[in-house]
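User: Please take a close look at one helix pair in this model. I want the geometry, the residues that make the contact, and then the surroundings.

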Amino acid sequence: MRRSLTALLAAACLAVTSLGTAALAQDKYPSKPVKIIVPYAPGGATDIVARLVGEHMRQDLGQSFVVENKPGAFGIIAIEEMARAKPDGYTVMIGNVSTNAITPVLFPQKFKIAYDKDVVPVTRLVDIPEFMVATTKDFPPKTVKELIDHAKKNPGKVRYGSVGVGSYPHYDAALFAKRAGDLDMVAIHNKAGASGVINDLVSGDSQFAFLNVASTAAMIKAGNLRPLALVNHARLPDYPDVATMQELGYPGVGTIAWQGLFAPAGTPPEVLQILFDAAGKAMQAPAVQEAFKKQNFNIVPSKSLAEAKTWLADEMATWKKITSEVKIELAE
Amino acid sequence: MDLLANLGLGFAVALTPWNLLFAFIGAMIGTLIGVLPGIGPIATIAMLLPLTFHLEPTAGLIMLAGIFYGAQYGGSTSAILINLPGETSSVVTTLDGHQMAVQGRAGAALAVAALASFFAGCVATALIATFAPPLARLGQSFGSPEYFSLMLLGLIAAVVLAHGSVIKAVAMIVLGLLLGLIGTDGNTGGQRFTFGLNELADGLDVATLAIGLFGISEIIANLANREAHRDVVTKRITRLWPTPDDFRRAWPAVLRGTSLGAVLGVLPGGGATLSAFAAYALEKRVSDRPAMFGRGAVEGVAAPEAANNAGAQSSFIPMLTLGIPGNPVMALMIGALMIHGIQPGPQIMTDRPQMFWGMVASMWIGNLMLVIINLPLIGFWVQLLKVPYRFLYLAILMFCAIGVYSVNNSTAAVLIAALFGVAGFVFQRLACEPAPLILGFVLGPLMEENLRRALRVSGGDPTIFLTRPISLGLLIAAAILLLIVALPAIRSTREQAFQE
């Protein structure tokens, strides 16, 4: 701690003295600490990924990567702060599918910047498998098929959990309902995030939900929740019996929530390349691999800066399609 | 039998020099950040989180827990000395604690607060050790109808808090409710009272509100009224230790506060804050001298301090046994555990007994350390009051600004706090209490959310609140309390008692 503090101070002094000589700073990036903006409060998955990856990028590049949490407005506050920063590579952001794909698709009018033009992806980092879980409290269905039959027999009675109107767990369930034959189900929103939804499931307020595997693992083990289906590229070794949505005949239903590194659009390509390489290296570090593996995160870095761009464009297109297929009414 | 064996195991883990050191570091940091207004345990734990990646999980957890309950101790210090709640849960402590300080009894107030916290912390830890699984199940049986009824009961109890007119108290609660509506509506995505500002899309933060309404407004009031604040500074501080009469009065209050706090702390969503308010309201109800409340009643310090510490301690129960964080600090702890691949949940006691019991044991050790750190510091804190106010208030303002900024790293929050500072001064002039406002602000949004969720669950049928036994019981309690407040006969005596 002390050593890193001294390093930080030293770096800060260096940065101040080299302010006048911009050329010096350009010679070798990074020559001062880099700020990683995280659009959530400390402690969530995105924050932890940022801190873990940042710590290993520091070891590689010799400068601190300081996480700054800027929660609020579905990520808009963080994205705008990053996009407006000097595009010199010293301000970047780690965002996820919600903040950096769904928010720009759903609320373009709330941005004071042009998301498509002002933000570039550096690399995808991880994506996170998701379960469709059902409560075991007063809820008989044990498979997706039974759930569909149950919902058909009890229109308007089956309740699914979500973390808010227009959140991806909401779209996941709504898209599932539509593809499974226009099932009539009720959304139960809980602002308290995944833990709030789990609480609702366990107490019986809601009956099924799409939630990431890591958050539900303990409750599944305890028998309070039952995984009905998995949303992932393939089955998980820890849960060999849980079939994926593709296998069950619902490809494209559910979100494999990703996280990625983003930068202001004007950042010089050579700086973006340094960030891309360092992030890629950090993802290879054994400690990072182990931490992600324990939580069933898939490590999926982009292959190049160009590939990261097409990936983000594809994601935005996918969400434009989903949000037009499932109309969720959002009050203005 | 099992319990003793488990505790033995726990102490064996907690008493290793390494873990003792981390308990001490945590308690020390916690006390310091608790004293500084606004710089709460959330920001501190977030900053120290990467450090725990390299620690053994138990040591990391022990340190983070120490910061959390250390902050509960420290928070009362600034509440008592300068009327500035370092933590939301110490808002209630300002009511009588600061009055005691004004009367030259700051030392007594600090000692009572520390001892009450210690007692409550120890008892609540024993509760965790014995009743963690059944208490966790109690939390699980709370669905949205139960929460709504509990919040309603809490709001009605808030009226009892005020020591001015009932009308003004109700007005402040309603104002708090309205402020709580600011932000995005969870059920429709609509923006309420945000005026198109993204900074308001997630609503106001309670720390921002509390620091503005209590801390900054107090500074304005002190500067506006030179004579009064001189009183605070130059009044002779006769003794540092509470009198035997203080102990006699504080003792039963501590017991009641501890039991309330331990139970309410188990519930997610502001358990510690709610329990402090509830304990104060209860004390005032059962007291033989309710008129003294708000004027330096020692039981008005002891009860909420015991309650918020017991609540802080028992909020570990849903976190450890269910993996459900009751407050943002617990969410951070889960984050710290997940980095090590540990998923808190019902299995944690059997899968990782060393960690679970080691942490429980470390809570006792930590609480003991906190008393040892805090009691000698009382003399020092009291000396701080002798610093000329023209220096003191600048320092306080600066810490307030840093604290408010650090909640969300937002400059808008600093401006909002300043605005509420002015509003708080106006309230003071109008003799309106800000404490009910804070409670309305905290409970209002939760109440709305749970009301609407319960009605969605029942398909719009309002009888859901009456057909669920726990919910019905809470509603009956609320009705009785409402009657007590509303009955004319009782009201007239109440007004007599609270004649200003």
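Analyst: The crossing of H9(B) and H18(B) is left-handed. This is a predicted model. Helix H9 of chain B covers residues 206-224, and helix H18 of chain B covers residues 389-408. Their axes lie 11 Å apart and meet at an angle of about 165°. Angles over 145 degrees count as roughly antiparallel, so H9(B) is roughly antiparallel to H18(B).

Now the contact itself. H9(B) supplies Ala207(B), Thr208(B), Ile211(B), Gly215(B), Ile216(B), Ile219(B), Asn222(B) and Leu223(B). From H18(B) come Tyr389(B), Tyr393(B), Ile396(B), Leu397(B), Cys400(B), Gly403(B), Val404(B) and Val407(B). Sorted by class, the contact of H9(B) with H18(B) has 12 nonpolar and four polar residues. No charged residue takes part in this contact.

Next, a charged residue elsewhere in chain B. Arg249(B) sits in helix H11 of chain B, which spans residues 244-264. Is Arg249(B) buried or exposed? The cut-off for buried is 20 or more other C-beta atoms within 10 Å. Arg249(B) has 22 within that distance, so Arg249(B) is buried. Leaving aside neighbours within four places in sequence, Arg249(B) is in contact with Val298(B) and Glu299(B). Ala297(B) is 48 residues from Arg249(B) in sequence. In space, their C-alpha atoms are 9.0 Å apart.

Chain B also touches chain A. The contact takes 43 residues from chain B and 46 residues from chain A. On the side of chain A, several elements give two or more residues. The helices are H3 (45-61), H4 (76-84), H9 (193-203), H10 (213-221) and H12 (286-294) of chain A. The strands are S2 (65-69) and S7 (186-189) of chain A. By class, this side of chain A has 21 nonpolar, 13 polar and 12 charged residues.

Last, chain A as a whole. Chain A has 13 helices and 11 strands. Its radius of gyration is 21 Å, close to the 20 Å that the globule rule gives for 332 residues, so chain A is as compact as a globular protein of that length. Along the principal axes, the C-alpha atoms of chain A fill a box of roughly 70 × 40 × 30 Å. Of the 332 residues in chain A, 52% are buried. Among contacts in chain A with a separation of 6 or more, 75% join residues 24 or more positions apart.

Definitions and conventions
Residues numbered from 1 in each chain as written. Chains lettered and ligands numbered in written order. Predicted model: local features only at pLDDT ≥ 70, side-chain atom pairs only at ≥ 80, totals over all residues. Helix = DSSP H or I, 4+ residues; strand = E, 2+ residues; numbered from the N terminus. Rg over C-alpha atoms; globule rule 2.2 N^0.38 Å. Buried ≥ 20, exposed ≤ 12 C-beta atoms within 10 Å, placed from the backbone. Contact = placed C-beta atoms within 7 Å. Axes fitted to C-alpha atoms, helices over the stretch in contact; angles between N-to-C directions. Parallel < 35°, antiparallel > 145°, perpendicular 65-115°, else oblique. Left-handed = near helix turned anticlockwise from the far one by under 90°. Nonpolar A, V, L, I, M, F, W, Y, C, P; charged D, E, K, R; others polar.
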